[in-house]
Amino acid sequence: MKILCQGALFHDVGKSRIDKKVLVKGGKLNRAELEFLQLHPKFGVDLLAVAEGFPKLALLIIYQHHEMLNGSGYPKGLRDPQIHLLSKLVSIANVYDNHCNKRNPAESLTPYEALSYMFSRQKDAFDQKLLSAFIKCLGIYPPGTVVQLNNGAIGMVIAINPEDQLHPNVLLYDPEIPPADALVIDMHDDPDLKITQSIRPTALPQQIFDYLSPRTRITYYVNPTDSPTREGAPP
């Protein structure tokens with residue numbers, strides 16, 4: 001687990017050697033820009049290979065985190081038997097994050113849409129058992145999904161109940177309550193409450209978008225005996 005975390009945390013460190021103009025460019029990259037960007041796994045390994053005590057397996061994760069089981073990935077176009085299990089795990093999380101946080105926010109998928117797209121359109125790129133476990137872990141309405149409830153309320157899913165995925169914990173929008181003190185409800189405690197739809201963040205009125213901050217990075221901890229907690233981190 002420690003090695004997996006090290007590889008995941010530093011997976012994109014190589015982007016520090018990529019021209020910022022390429023990283024933030026709007027629209028499609030040209031061939032030269034794309035080929036340069038695809039060198040960032042190698043750059044990451046080059047940077048950390050000289051770090052004393054950094055695990056070699058974590059370096060492998062960094063190098064392989066864009067490899068896909070069907071050979072469509074980079075930098076080597078590896079296929080299933082050649083890709084390490086931990087690299088396969090990080091690849092799934094990385095693709096999910098990229099779908100939800102595109103350069104242009106208007107093009108970003110909701111967490112629900114991202115999982116659906118990965119399962120229906122990209123299945124052959126991932127280990128099926130790992131992808132199924134990932135989807136099960138995040139739930140039908142993954143954390144970060146903006147939803148509307150059957151009582152008209154709008155909120156953002158911040159944690160799931162593995163035993164009742166239709167009734168997650170939701171942070172509610174209420175203009176009369178400061179965002180820092182926003183009400184969090186556990187839908188499991190009110191079986192009459194139901195989610196009627198998921199909403200793209202870009203479709204929200206600006207005041208609701210700012211209140212919920214759906215693009216803010218959030219770390220989720222699921223504890224089966226206690227209520228899940230939420231810790232905000234800078235976007």
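Guide: What follows takes a few such terms in turn and sets each against its definition.

Guide: This is a predicted model, in which local features need pLDDT of at least 70 and side-chain atom pairs count only at pLDDT 80 or more, while totals for chains, interfaces and linings use all residues. Residues are numbered from 1 along each chain as its sequence is written, and side-chain values use heavy atoms, with hydrogens and water left out.

Visitor: Why is Lys88 called buried?

Guide: Buried means under 20% relative accessible area, exposed means over 50%, and partly exposed lies in between (1.4 Å probe, protein chains only). Lys88 has a relative accessible area of 12%, so Lys88 counts as buried.

Visitor: Where is Lys88 placed, and what is Lys88 in contact with?

Guide: Lys88 is in helix α6; a helix here is a DSSP run of H or I with at least four residues, a strand is a run of E with at least two, and both are numbered from the N terminus. Contact means heavy atoms within 4.5 Å. Leaving aside neighbours within four places in sequence, Lys88 is in contact with Leu69, Asp80, Ile83, Asp127 and Leu130.

Visitor: Which residues of helix α4 are buried?

Guide: In α4 (residues 40–48), they are His40, Pro41, Phe43, Gly44, Val45 and Leu48. Their cover includes α3 (31–37) and α5 (56–64).

Visitor: What makes a space a cavity rather than a pocket?

Guide: On a 1 Å grid over the protein atoms alone, a cavity is a set of points where a 1.4 Å probe fits but cannot get out, and a pocket is an open set with protein on both sides within 12 Å along at least five of seven lines. Lining residues have an atom within 4 Å of a point. Grid points are joined across faces, edges and corners, and a volume is the space filled by probe spheres set on the points. The structure holds one cavity of 30 Å³ or more, and the largest cavity has a volume of about 30 Å³. Lys88 is among the residues that line the largest cavity, as are Glu67 and Phe126.

Visitor: What can be said of the second largest pocket?

Guide: The second largest pocket has a volume of about 1200 Å³. Its lining has 36 residues, of which Lys15, Leu37, Asn98, Lys102 and Arg103 lie nearest the centre. Helix α6 gives the most to this lining, with five residues.

Visitor: How do you know that β1 and β2 pair?

Guide: Two strands pair if DSSP finds at least two bridges between them. Strands β1 (residues 146–149) and β2 (residues 154–159) have three bridges, so they meet that condition, in the antiparallel sense. Val147 has Gly155 as its bridge partner in β2, and Val147 stands opposite Ser198 in β5. Four bridges join β1 to β5.

Visitor: What order do the strands take in the sheet?

Guide: Five strands form an open sheet in the order β4-β3-β2-β1-β5, with antiparallel pairing. The edge strands are β4 (184–186) and β5 (195–199), each pairing on one side only.

Visitor: What kind of peptide bond joins Tyr74 and Pro75?

Guide: The bond is cis, with omega about 10 degrees. Pro75 is found in the loop between α5 and α6 (85–100). Most peptide bonds are trans.
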